[in-house]
Amino acid sequence: MHTLDCRRPAVATLVLASLCSPPALAGKLLLTGGVSSLDGAAGGGLTPWAVTGSLASEGQWGGTAHTTTVRTGDYALTSAGALLAWNDRLELSIARQRLDTRDNLAPLGLAGLVLQQDIVGAKLRVAGDAVLDSDRWMPQIALGLLVKRADAGALAPTLFGPLGARRSGSEIYLSATKLWLASGVLGNLTLRASSANQNGLLGFGGAQGDGVQLKPEISLAWLLTPSLALGAEWRAKPDNLRRSVLGDGALAEQRWVDVFLVWAPIKPVSVTAAWVDLGRIVPGVQPRRQTGGYLSLQLAF
Amino acid sequence: MHGPGPRLHGAIALLVLCLVSASARPAPRDDSLYHAFGGREGLAALMADFVPRLAMDTQIGRYFTSTNRDHLARQLAAQLCEVAGGPCTYEGPAMAPAHAGMAITKADFNRLVELLQASMAARGVPFRAQNRMLALLAPMHRDIIERE
């Protein structure tokens, strides 16, 4: 009998490798795999980071599953998903988002409308180690792809008709993550090339054009204890539906912001609680700024 | 209106003199981290807690089965003392040859960090000092983890 060398798997032997490298609880340091973003990729809550999700380190497989719920003044957003990570290098993720617009779109004849989207993601770490290279400024850098497909329900004929949005779209992002270990401060900068309207829940692009733009997203976190971190995020977004047949500014969108607290009571579990500000959502019918709470549970191996 | 008095001029001159002489002297060695760990005694006690954790660990204990624990504890205490700016000289083997051929993975390295975190917490080392120490030790991963 020959043995498989688990530390040098070719892509074709990934599945076999998964059988001979049992998942280990001890691969990564606590919280260094980030939490699950709304889009499914590992990162902060609103933004993907360059870290690879799960507890798996080099030569290991890992995975996470998450469920997240956001309640703002007038809307409810949920996200559920999972990811697989290999070798602290590659991450594959899926997520489903659901935005309950309640009765906010009743003026458009769309009371009770639910917007949904499915997201498939891939992320590749291309350089650096966010945690262990504590004597260098070089961050961990990853390149990611998110492929999104929106289900706009009864809004679809309008959204994908006169409003000119497309049903599906892809986003490409480049993330740099650095933990300044001595001070326990983590920073992330993500540049996302996107044409998504409200992160894709309102499709991609608009009648004005395709509108792919490069937008920055910034996260800062501070480790308070080994299992508790406090942070904040800011995410710029495209604004492709600002000028639409519904009127100038009726579908304008704004940056997302949050302040979060993440706690890992035991290694495979993390709970993230946040205050979020999603800006004005469809201000033409609901002019209030959407602030509220965010709660996410992640299980990892 | 009065101008600044001779006393103020004197104070400024003194301040300038102090700054100039301070910058001319080599900076004193920062041993605050060494003291945050309780000096030699604190580091010896830390390693007396840490080395048994290493040896008994299900993941990385196998690397220490034939190790003289007291000797390892003394060497690690001297190494951390030196790294932390204390009055010690680590005279043990360099990291790369000491770990060559052991096929130590990043997961193993991280496990050691976790055990050290547990020991530091058990010894009451403040979290900030823990992280300063880890930041000094973490770059050793380049000499310890076996690369493909």
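**Asking why: loops, helices and contacts**

Mentor: A:Asn87 belongs to the loop between β4 (76-86) and β5 (90-100) of chain A; the strands named here (E, at least two residues), like the helices (H or I, at least four), are DSSP runs numbered from the N terminus. The model is predicted, so local features need pLDDT of at least 70 and side-chain atom pairs count only at pLDDT 80 or more, whereas totals for chains, interfaces and linings use all residues. Residues are numbered from 1 along each chain as its sequence is written, while chains are lettered from A and ligands numbered from 1 in the order in which they are written.

Trainee: Turning to chain B, how many helices and strands does it have?

Mentor: Chain B has eight helices and zero strands, and buried residues make up 28% of its 148 residues.

Trainee: How do you know whether the reach of helix α6 of chain B is close to what is expected?

Mentor: The expected span of a helix is 1.5 Å times one less than its number of residues. Helix α6 (residues 106-122) of chain B has 17 residues and reaches 24 Å from its first C-alpha to its last, close to the expected 24 Å.

Trainee: What makes α6(B) mostly covered?

Mentor: Twelve of its 17 residues are buried, among them B:Phe109, B:Leu112, B:Leu115 and B:Leu116. The buried residues of α6(B) pack against α3 (39-56), α7 (127-137) and α8 (141-144) of chain B, where two residues are in contact if their C-beta atoms, placed from the backbone, lie within 7 Å. Just after α6(B), B:Gly124 takes a positive phi of about 75°.

Trainee: What makes α3(B) oblique to α4(B)?

Mentor: Axes are lines fitted to C-alpha atoms, for helices over the stretch in contact, and angles run from 0 to 180 degrees between N-to-C directions. α3(B) and α4(B) pack at an angle of about 130°, with their axes 8 Å apart. Angles under 35 degrees count as roughly parallel, over 145 as roughly antiparallel, 65 to 115 as roughly perpendicular and the rest as oblique, and that is why α3(B) is called oblique to α4(B).

Trainee: Which classes of residue make up the contact of α3(B) with α4(B)?

Mentor: Ala, Val, Leu, Ile, Met, Phe, Trp, Tyr, Cys and Pro count as nonpolar, Asp, Glu, Lys and Arg as charged, and the others, Gly among them, as polar. Residues including B:Leu43 and B:Met47 of α3(B) meet residues including B:Leu72 and B:Leu76 of α4(B), and by class this contact has twelve nonpolar, no polar and two charged residues.

Trainee: What word describes how α3(B) lies to α6(B), and why?

Mentor: The axes of α3(B) and α6(B) come within 9 Å and cross at roughly 140°, which makes α3(B) oblique to α6(B). This crossing is right-handed; B:Phe50 of α3(B) and B:Leu116 of α6(B) are among the residues that make the contact, which has nine nonpolar, one polar and two charged residues.

Trainee: How many residues of chain B are in contact with chain A?

Mentor: 18 residues of chain B are in contact with 21 residues of chain A. α6(B) gives the most to the side of chain B that touches chain A, with seven residues, and the residues of that side divide into seven nonpolar, six polar and five charged.

Note on methods: Buried ≥ 20, exposed ≤ 12 C-beta atoms within 10 Å, placed from the backbone. Left-handed = near helix turned anticlockwise from the far one by under 90°.
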